[in-house]
Amino acid sequence: MINSGRYTAKLDSGWKFQPDPQNQGEREGWHNGGLPAPVPVSVPHTWNVQEELEEFRGAGWYEQQLEVPAEWAGRRFRIFFEGAYRDTDIWVNGTLAGSHYNSGYTPFEVDITPYIHAGGNNRLVIRVDNRNSDTALPVSNSFDWADDGGLIRPVMLVVTGSTAVEQVRVEPKVHFSADGKPAGGTLAAQIKLCEPPAAAVHAEIKVYRNEAVIWQGTEKIAAGALAWSFAEIGLEEVQLWHFDHPHLYELELVLTAGGGAQDRIVRSFGFREIVVEGHQLLLNREPVRLMGVEWMPGSHPAAGMAEGAEELTAMLVRLKEANCIITRFHWQQGNELLDWCDRNGLLVQEEIPHWQQPAEPGKDTRLLALSQAKEMIASHSHHPCIFAWGMGNELDGQSAVTNGYMEQLKEEFLQLDSTRLVNYVSNTLQLQPASDATGAGDMLMWNDYIGTWHGDLDEEEVIRQIIADHPDKPLVVAEYGLCEPAFEGGDARRIRILREKTAIYRRYPAFAALIYFSLNDYRTQMGEEGTGRFMQRVHGSVDLYNQAKPSYAALREESSPLVLAGEPVWKNGGLELTLECRNDIPSYAVRGYSLSAAIAGGETISQQLPDLAPGEVRTVYVELPEGTGSASGTNDGAGSAGEGKEGAVRAGEAKEGSATAGEVKEGAGSVGKGKEGAGSVGEGKEGAGSIGEGKEGAGSVGEGKESSARTAALSILRPTGFSVLELQL
């Protein structure tokens, strides 16, 4: 720490916990003398998945001992919280060091320097209270997720010199030539210090790409300056961040004074441009129409809102394996989750947890929302995955009060961050589209439950009216799906809603994105099924434990940017595949995709696929080892792959009741993906939708005429390693 300038320790072990149902802890001095009857826990932690505490709403206390070496005297000490639900008080050695109220999902930090004793142990005591509140967002019990209390996200101790960075706002910008091609970029940053330095500070600045320094320079921070920014850095060539090509950079700042390092901070970022133009959404000047799904975190009954990296990664992999590349969160998420989205290419709208109430918000709500927005944007604005901020969900969107509120709040969001879209998600757009509050946003975001919650309206008539009333904005379906047991029909009806509504949306170019709801059945305090930590809404394509239902296969197929145009054909000892790049939803150029074949016996063959523009059809030839999939007698083109029984399934398509090829088990990674929890290519499963349930003698894939045929699993992979579709040979 002395040499690098910053020491960061994740405080995940060594915690003691005690609930306080009688609210007696402060009165009895737990903050000063310690907890009288605690149990050991690790952090992240919530008590609402523990036996006897599943229904408890109230105060929970945590205690930790911090041993501070004597040589750290004179340093600055801070405790950083990724999120604590909800109202939080922090004591150090019996003295109240800080509090954080009315916001349970935004990150915050407390400077504990005045209360630390160097050269000994220091008692850190934290009280967290998750009772419903009329002064918080979400307000009272108006929210459709779990209100698990506790230190639900990581807690870090940060030790620096006295001159230290409090906030860094990274501002990358892409430049384009007249023909829309990238033409370099610039980087600026705004830095806020914890306090003005007494003397001038030297700042060393470096920009990294793939761990190599691509720019470096120095600047001087004047004595007494609380905030500063460095001159814009110009880079002649930059690699753009894209959901299929998530190129990342790093900015490093090292502050030195008095001959020693005071602080060192690193922020990752990406160069990308996301704007709207008429009905179009443009990513790096490319019109894209995207398919996505919303995932409700905090739903694993064993972890709740205190999900760790393993649980979070498993669900994110599941989301990406569904071919979904855009999502939204009703409430703010942690940096670790957003880091994953940065690295793996998932577009995110992160929202203020303003859910339904107050339906006609006023000044007090706006100030509270703005306070949360400041914390959210200050901590998360460097993430290239975040393309938009959300101001709320399902208020009275037809109210003039709500319209005025959203217009004003949007302007205040833009003052905090002018580089992103700002939206409000409405469930009333179908009523009077011209006067709905979602029109205040950059995109029309509509929760469409025509046929269930919204009754039996004429879907296409409603859509035509929305487009006529808003001819200059993209339309995004922010939710559609089936909620059980409020509505009957089970997963078969869920599949039908997904396919039928998606087919309708595809007919209208005004739709820029679809976000299906929901990826998972989810824990919620207003659930109609289950009790305690199992109280849930059955709304998903996977269950609480991330086990897939048949609708997951349908979602994966509908979301694929590539489809098989005709059946694969054996030819000249190999396989011909004709691929079509979709030109409705989803619609985006396919670049850098590859094909991987895992042959029985351990051999793997890989080859690059040609780039395809939306609507383009290309035939590719895959050379396979002799005897793979088909007997040698069928290698002259006599048999077509998948010339099988009626109902044979194309890659990525599953019959009702089946799973897709490449389905990931809980915690498993994507096919061919060398990242956290990665699975292996060709993890075939029963009902995997393989091609080749062929008629006798048809020479179909997977049924050779000789017993020596070797099996193989073919996967088409994104550049990020996630599988798009599979063939079982």
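This is a predicted model: local features need pLDDT of at least 70, side-chain atom pairs count only at pLDDT 80 or more; totals for chains, interfaces and linings use all residues.
Student: What is the length of the polar contact that joins the side chains of glutamate 558 and arginine 499?
Tutor: Residues are numbered from 1 along each chain as its sequence is written, and side-chain values use heavy atoms, leaving out hydrogens and water. A polar contact is a pair of N or O atoms within 3.5 Å; within protein, one must be able to donate a hydrogen and the other to accept it, and residues adjacent in sequence count only if both atoms are side-chain atoms. For glutamate 558 and arginine 499, the value is 2.7 Å.

Student: Is glutamate 558 buried or exposed?
Tutor: Glutamate 558 belongs to helix α8. Buried means under 20% relative accessible area, exposed over 50%, and partly exposed in between (1.4 Å probe, protein chains only). Glutamate 558 has a relative accessible area of 9%, so the class is buried.

Student: Why do the buried residues of α6 line one face of the helix?
Tutor: Helices (H or I, at least four residues) and strands (E, at least two) are DSSP runs, numbered from the N terminus. In α6, residues 459-469, the buried residues are Glu459, Val462, Ile463 and Ile466. They line one face because, seen down the axis of α6, they fall within an arc (of the directions from the helix axis to the C-beta atoms) of 100 degrees.

Student: Which exposed residues sit on the face of α6 turned away from its buried side?
Tutor: An α-helix has 3.6 residues a turn, so residues three or four places apart point the same way. The buried residues of α6 are covered by elements including β28, β29, α7 and β30. The face turned away carries Glu461 and Ala468.

Student: Which backbone nitrogen does aspartate 458 reach at the start of α6?
Tutor: Aspartate 458 reaches out with a side-chain oxygen. The gap is within 3.2 Å. The nitrogen belongs to glutamate 460.

Student: Which are the edge strands of the open sheet of eight strands?
Tutor: The order is β23-β30-β29-β28-β27-β26-β25-β24, with parallel pairing. Two strands pair if DSSP finds at least two bridges between them. Each edge strand pairs on one side only, and these strands are β23 and β24.

Student: What angle does the direction of α7 make with that of β30?
Tutor: Five bridges join β23 to β30, and valine 293 stands opposite tyrosine 516 in β30. α7 packs on this sheet, touching β23, β29 and β30. Axes are lines fitted to C-alpha atoms, for helices over the stretch in contact, and angles run from 0 to 180 degrees between N-to-C directions. For α7 and β30, the angle is about 175 degrees.

Student: Which residue does a cis peptide bond join to phenylalanine 517?
Tutor: Most residues other than glycine have a negative phi, and most peptide bonds are trans. Valine 43 to proline 44 is cis, with omega near 15 degrees. The bond from phenylalanine 517 is cis too, with omega about 15 degrees, and the partner is serine 518.

Student: What is the phi of asparagine 546?
Tutor: Asparagine 546 is found in the loop between β32 and α8. At 2% relative accessibility, asparagine 546 counts as buried. Its phi is positive although the residue is not a glycine, at about 70 degrees.

Student: How far apart in space are leucine 416 and leucine 370, C-alpha to C-alpha?
Tutor: Leucine 416 lies in helix α5 and counts as partly exposed, at 25% relative accessibility. In sequence, leucine 416 and leucine 370 are 46 residues apart. In space, the value is 9.6 Å.

Student: Over which residues does pLDDT stay under 50?
Tutor: The mean pLDDT of the protein is 90, and 88% of its residues reach 70 or more. Strand β25 has the highest mean pLDDT among the elements, at 99. The stretch under 50 is residues 631-708.

Notes. Contact means heavy atoms within 4.5 Å. pLDDT is the predictor's confidence in each residue, from 0 to 100.
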